[in-house]
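This report describes a predicted model.

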Amino acid sequence: MIGVGKIKQYSNVLDKPLNKGKQEVSLSAFAFLFSELVQYNQTQVDNIAELERRLEDAGYAVGARVLELLCHRERGNRRETRLLGILSFVHSTVWKILFGKVADSLEKGTEHEDEYMISEKELLVNRFISIPKDMGTFNCGAFVAGIVRGVLDGSGFPAVVTAHFVPMEGQQRPRTTILIKFAEEVLRREARLGG
Amino acid sequence: MAAAAAIYSLFIINKSGGLIYYKDYGSAGRMDTNDSLRVASLWHSMHAISQQLSPIVGCSGIELLEADTFDLHCFQSLTGTKFFVVCEPGTLQMDALLKVIYELYTDYVLKNPFYEMEMPIRCELFDLNLSQAVQKDRVALLGR
């Protein structure tokens, strides 16, 4: 979880209990590290789509690990097998452990059956980031989209996950929406399992 | 109305004296681009000279310049970036405002992966939060 606080120091990482709850790291430390991650990846690519993909891959690795840890810590070594179950797991449990709060909203796409959206008024990774005009619709939330994809993929719900800025009426800043588009097989399985 | 124009302008200069941010507030003392660049590098040199000439050992340079028509408050960060505001004579708490601006700079400029060090600042979030901070300061001044 990111925020300001103290954590107990263990000389050996293996002594640290896995199921120990709340731990916080400095927001500034995270912001600088994330900034460096973006800058490093920027030097490795020649277009914005590629940068987005690299950030997503970095997030994917985080998601896969977070899933393992949370299944053990929060759910007694069980994981969600139903679509709505895994979505609310991402929206509340995962969000809470990473960002200290549940996501602002979880909605079903209106046009397509296989689309779900997690929206956040101010995504933590974007708090200090201003996207230059020449980068168009690029969103550093791609990293968070990668985390979500990592969690979903790890639990057997393959999906395409993307991050978008959505302008809000009466707000100066757009909000970030994480769009989840599940693979066909996931919906087929869900239909077979029934309500 | 006098309090509303308390701050005339804000400058941020990098450690080599280049102007990286300039903003006008109110109509008094408005400058064109060339003039603002000139003021920035002039202040940079004067600041450096004052440090050398000061009789006090370990002097960190001019913090306040008082003229008939304006006050100039300057804050230099440890890395040599200078923030200074030109304001109405006798405006109070400008050093506190400069600290706030420095904090905004560290948050919204230095933590932004798309900002290049020592280059002009073009960050939407910095502009947004800066205008809020200045606005708040004005409200405080009006409330006096």
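## Helix α1 of chain B

Helix α1(B) spans residues 33-53, a run of 21 residues. Its first and last C-alpha atoms are 30 Å apart, close to the expected 30 Å (1.5 Å times one less than the number of residues). Helices are DSSP runs of H or I with at least four residues, and strands are runs of E with at least two, numbered from the N terminus.

The buried residues of α1(B) are A40(B), W43(B), H44(B) and H47(B). They lie on the same side of α1(B), because their arc around the axis is only 100° (directions from the helix axis to the C-beta atoms). Buried means 20 or more other C-beta atoms within 10 Å of the residue's own, exposed 12 or fewer, and partly exposed in between, with C-beta atoms placed from the backbone. Exposed residues on the other side of α1(B) include N34(B), L42(B), I49(B) and L53(B).

The cover over the buried residues of α1(B) includes strands β1 (7-13), β2 (19-24), β4 (71-76) and β5 (82-87) of chain B.

## Chain A

Chain A contains five helices and four strands, in the sequence order α-α-α-β-β-α-β-β-α. Along the principal axes, its C-alpha atoms fill a box of roughly 50 × 45 × 35 Å. Of its 195 residues, 27% count as buried.

## Conventions

Residues are numbered from 1 along each chain as its sequence is written, and chains are lettered from A and ligands numbered from 1 in the order written. Local features need pLDDT of at least 70 and side-chain atom pairs count only at pLDDT 80 or more, while totals for chains, interfaces and linings use all residues.

Key. Contact = placed C-beta atoms within 7 Å.
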